[in-house]
Amino acid sequence: MSTIDNSAATAAVALERPKKGMSVERAQGRIGVLFATPYTLFLIAFGILPALYAIYLAFTKKGAFVGFDNFLKVFKDYRFWPAVEHVGIFIIVWLVLLVVLVVTLAILVHSIGLRWFSGTMRFVYYIPGALAGASSVMLWLFVLDPTVSPVSWLLQALGIESFVGAVDASRLPVVLAVIAFWTGAGGWIVIMYGALNNISKDVIEAARVDGAGPVRIAWSIQIPLMRKWIAYMVIMSFAGGTQLFVEPRVLAQASRGVVGQDYSLNQLAFLYAFKQNDFNGSAAISLVLLAVAVALSIYFVFKGGLFERA
Amino acid sequence: MSAPNSEIVGTRMRDLTPGAWLGRAFGVLILIVFALFFVVPLLWLLIAPTKTDRQLLLEAPFALGDIGTLLSNWQSLMTFQGGLIWTWIGNSVFYCVAALVITLCISIPAGYALAMTEFRGRKLLLVVTLIVMLIPSTALVLPIFLELSAVRLIGNPLSAILPFSFYPFGVYLTYIYFSTAVSRDLLSAARLDGASEWQVFMKIAMPLSTPVIALVGFFSFTGNWNNYFLPYVTLPGRKAPIQVGLAELLSNVPAFNPTNAASTTITLSALALATLLAIAPVLLVFLFAQRYLVSGMTAGGTKE
Amino acid sequence: MNLLRTTVALSAILVAGAALAQDGAITVWADATRQPAVEAFIAAHPEVPVNLVLDDGSSGASGTFQTKISLADQANEGWPDVVFSTQNNDAAWAARENNGAQAFAQVLNEGFLDQAFLDGFTPGALDPVTVDGKVYGLRNDLAPVLFWYNKTLLDQFGYAAPTTWEEYQALGDKLAAEHPGYFLGGFGDAFQGPYIYYWSGEAPIFQLEGETFKSDTSAPNAVKVSNLIDHMVANKTLTLDSVFGASFVASAANLVAIPGPAWYSGALFQNPGGVNAKAGDWVAAPPLKWADGAAVTGNVGGGVWYASSHTQNPEAVKTFLKFVTSDTKVAGTGGLPAYQAAADAWLDAQAASGFYAGDFKAAIQAAASSVWNGWGYPNFSPETAWAKIVTPGLAAGKTMTDLSADWQQEMKNEAQVVGYTVE
């Protein structure tokens with residue numbers, strides 16, 4: 001889920017509006033094409049072609065066009081809907097965690113007058129963002145195993161006596177959401193903090209003079225003005241969440257199969273490709289996921305407003 | 001980054017009513033609790049390799065072990081399959097640095113071209129970049145795998161390096177940077193002095209773009225370093241980078257894979273050490289770059 | 001300048017890429033338990049360079065072997081020369097062509113290895129890896145389930161050693177009542193339930209007829225095993241710990257008896273990190289039987305060595321396979337070697353060492369010849385369904401009786417996905 005920080009950063013930078021070009025010279029045009037070509041080739045090779053190839057595979061079987069057969073087969077697979085459910089519940093838990101806590105923490109950090117304290121907090125929150133992938137899950141394996149966990153008292157207070165208990169189906173979405181939150185929240189807090197800094201001080205001062213307390217200010221002024229950013233966070237996290245892979249995969253390995261190898265949709269696509277040798281089915285699942293991600297991103301680019309141009 | 005608005009919160013503590021003071025204290029408490037949540041697991045990870053498995057199981061979680069144990073854990077990790085961990089780390093460095101070089105070589109000129117020049121298809125390229133940039137990178141892993149497999153590149157280091165080098169976010173970041181931070185007048189002035197387009201780019205634009213090169217470099221490096229899914233499918237075995245290697249290591253830890261009961265396995269402490277080694281490069285880069293990054297990330301937000 | 005740099009970078013990549021490849025050696029994939037055997041081969045045959053890659057040996061039916069081969073098939077390179085798998089059912093896919101890639105497993109009879117050597121295996125040992133008369137792998141060890149008990153403890157408590165599952169359960173009742181804290185086995189690994197308890201009980205829950213998979217956890221033979229498990233889990237004489245886990249090892253002094261495969265000998269009892277038994281305490285007894293059932297037992301893996309059909313060094317592979325399965329010091333890797341001559345030597349050595357009280361050799365031989373043949377070897381394992389459904393269910397306090405229908409459904413679903421007809 002490392003993409004979150006990156007895209008979060010983008011959003012911040014994207015507020016800037018580029019100036020329009022004034023004159024077009026042929027020399028400029030030529031160097032523009034020259035400079036843009038290598039990137040365009042990569043864009044085609046690793047952005048557009050793979051998507052087209054997945055479309056081709058998803059609608060064919062042994063080279064012959066089969067319509068939606070691959071999709072139907074995948075939808076009828078007994079593992080598909082449970083995987084959708086797993087991913088869905090995880091996303092809901094994660095988004096709630098993100099929205100509530102990131103907004104709260106950002107407003108709290110922002111309200112701290114002591115500059116060093118606020119800076120330190122933001123930095124500390126952001127550190128885990130440096131970890132992602134297998135290493136962050138590895139770290140959480142230790143935290144979740146009551147026999148070695150630094151917070152075993154907390155696990156026991158929650159009724160978790162063993163590692164198997166910690167990754168029990170009923171707790172797993174929360175566990176995965178906590179891991180994702182731990183890794184990604186800091187980046188969002190920094191972004192939200194920047195958004196808060198953008199709110200005109202006069203507006204808030206006026207509200208204060210009118211007798212509004214910090215909670216009232218947060219609720220009526222700050223949060224509405226952060227709306228765009230919150231929406232951005234939710235949409236990006238939603239898209240990222242559907243891609244769940246490394247976390248349940250490593251947990252499956254560590255729990256000896258208690259967390260299924262077919263827990264998430266990407267894992268299922270993986271099994272189709274490498275256990276069943278069915279690349280067509282695998283491509284069908286990938287395409288479903290890709291369609292969700294592209295739809296979200298197109299919606300955001302054209303409707304979300306963050307990238308509006310003058 | 002601008003200072004927090006001290007006016008809003010009124011730092012003059014003595015002006016606060018007792019209720020507001022309590023509220024403030026409660027807020028600070030929440031912040032500290034979350035600071036602990038974010039940092040405690042990392043602190044524990046720093047301590048774990050100094051202990052034996054037995055100490056991990058029995059002793060207080062934050063009791064320090066000793067340097068001798070650390071050395072023996074180090075030893076056992078280093079001797080695991082003849083220092084395979086260094087092969088993995090070396091692979092990671094190779095893939096990420098190569099991808100970094102290519103990323104910079106294609107992204108910076110492309111961002112410059114999008115921002116400072118006009119050419120046919122510029123708008124389209126920009127919109128497509130924007131869309132692709134927002135798609136999670138994992139969404140394309142299996143399609144990219146299938147494509148690379150069709151051209152028989154799987155197992156070749158290029159199968160990680162090339163996809164790693166495609167970094168639309170970096171292009172967009174550069175585009176934003178040149179659009180806002182570098183004045184077109186400056187470039188025009190250079191042109192009037194008779195500089196060619198190439199010279200304008202190399203002599204004027206490049207020297208100004210150090211900050212964005214650093215930013216793109218950082219995001220590209222950390223993102224690729226932490227990438228698991230793509231190299232996991234494209235570079236199996238000894239060619240795997242450290243993130244994939246870590247997960248492989250896991251299957252040799254008896255605590256997580258008990259049917260391996262031999263004495264030649266990896267202990268929990270050694271696994272903790274391996275995790276630490278795997279995150280060390282990113283953590284270091286991060287610590288050095290943090291001030292810069294945080295300001296870079298909020299740059300848009302604070303400049304009005 | 002820009003182009004130049006890209007070119008330089010690219011050529012550096014290609015050069016380094018070539019340097020990553022290795023030649024001449026044979027590559028062996030095996031789990032850490034097999035590492036000493038591979039090292040013994042390196043010492044005995046310095047002329048054959050070996051590149052050992054450790055993995056999990058597909059334990060718990062993790063699918064590592066198949067996944068990694070699929071990846072290599074796609075890469076069109078990177079196949080190992082020899083693979084060890086703890087699972088017995090890999091021939092079901094490794095003997096087939098996958099997505100146009102040739103079948104991974106080399107046919108070992110019909111001229112690859114001489115028939116005289118293959119005939120040296122214990123009769124029936126190669127059945128799980130034989131498809132249509134073609135042998136696709138060599139068994140590392142035979143893993144029949146026998147009954148291990150601590151004679152010293154039983155004598156001290158004044159109990160007789162059980163010989164039937166009913167007596168085993170009754171012993172549990174007595175221990176629970178008179179010596180709480182003492183126990184009769186661990187149940188936390190995915191292999192114990194299916195292979196030790198259900199297989200020994202002739203439970204028809206994992207059967208293959210042609211391409212049809214059958215599973216019936218409500219059959220009388222399955223129900224009686226479920227009841228035994230529920231009863232003994234309830235009175236805590238069966239723990240939910242993995243037999244290699246920290247808590248099992250910590251309470252190993254309270255282990256009175258345990259049914260388990262022959263390889264418990266090396267992996268559990270004579271392992272300093274396991275039970276670490278004292279010489280003379282433990283007896284390997286013939287397998288338990290059900291009072292109303294046949295004298296049969298289960299089987300837990302036993303591991304298989306495969307040769308790659310892609311190998312460039314067939315002679316080195318042959319040397320390796322022969323050594324690792326038949327060398328008297330190495331074969332079996334702590335369990336009962338599948339190769340007859342090595343098995344005899346191992347049994348004699350174990351008997352001579354006097355580590356186990358009682359007639360070790362007779363017990364093992366009795367078990368080895370009585371593995372129930374009603375268990376199937378399809379292209380999936382009951383362990384994944386067990387880990388997914390039963391392990392967390394038991395941990396949450398449910399019983400086998402509650403869980404067996406879901407377990408059966410999960411196995412049937414898995415069968416369907418990999419292409420079997422399900423009844």
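Colleague: What is the mean pLDDT of chain A?
Modeller: The mean is 84, and 90% of the residues of chain A reach 70 or more.

Colleague: Where in chain A is the pLDDT below 50?
Modeller: Residues 1–24 of chain A have values below 50. Where pLDDT is low, the predicted coordinates should not be read in detail.

Colleague: Turning to chain C, in what order do the strands of the open sheet come?
Modeller: Five strands form the sheet, in the order β2-β1-β3-β13-β6, with mixed pairing.

Colleague: Which are the edge strands?
Modeller: In chain C these are β2 (50–55) and β6 (138–139), each of which pairs on one side only.

Colleague: How many bridges join β6(C) to β13 of chain C?
Modeller: There are two, and the strands run antiparallel; β13 of chain C covers residues 304–307. Within β13(C), Val304(C) is the bridge partner of Arg139(C).

Colleague: Which strands does helix α12 of chain C touch?
Modeller: Helix α12 (residues 314–326) packs on the sheet and touches β1 (26–31), β3 (82–85), β6 and β13 of chain C. The direction of α12 makes about 170 degrees with that of β13(C).

Colleague: Now the interface: how many residues of chain B are in contact with chain A?
Modeller: In chain B, 102 residues are in contact with 105 residues of chain A.

Colleague: Which helix of chain B gives the most to that side?
Modeller: Helix α15 (residues 268–302) does, with 16 residues. By class, the side of chain B that touches chain A has 70 nonpolar, 26 polar and six charged residues.

Note on methods. Residues numbered from 1 in each chain as written. Chains lettered and ligands numbered in written order. Predicted model: local features only at pLDDT ≥ 70, side-chain atom pairs only at ≥ 80, totals over all residues. pLDDT = per-residue confidence, 0-100. Contact = placed C-beta atoms within 7 Å. Pairing = 2+ DSSP bridges. Helix = DSSP H or I, 4+ residues; strand = E, 2+ residues; numbered from the N terminus. Axes fitted to C-alpha atoms, helices over the stretch in contact; angles between N-to-C directions. Nonpolar A, V, L, I, M, F, W, Y, C, P; charged D, E, K, R; others polar.
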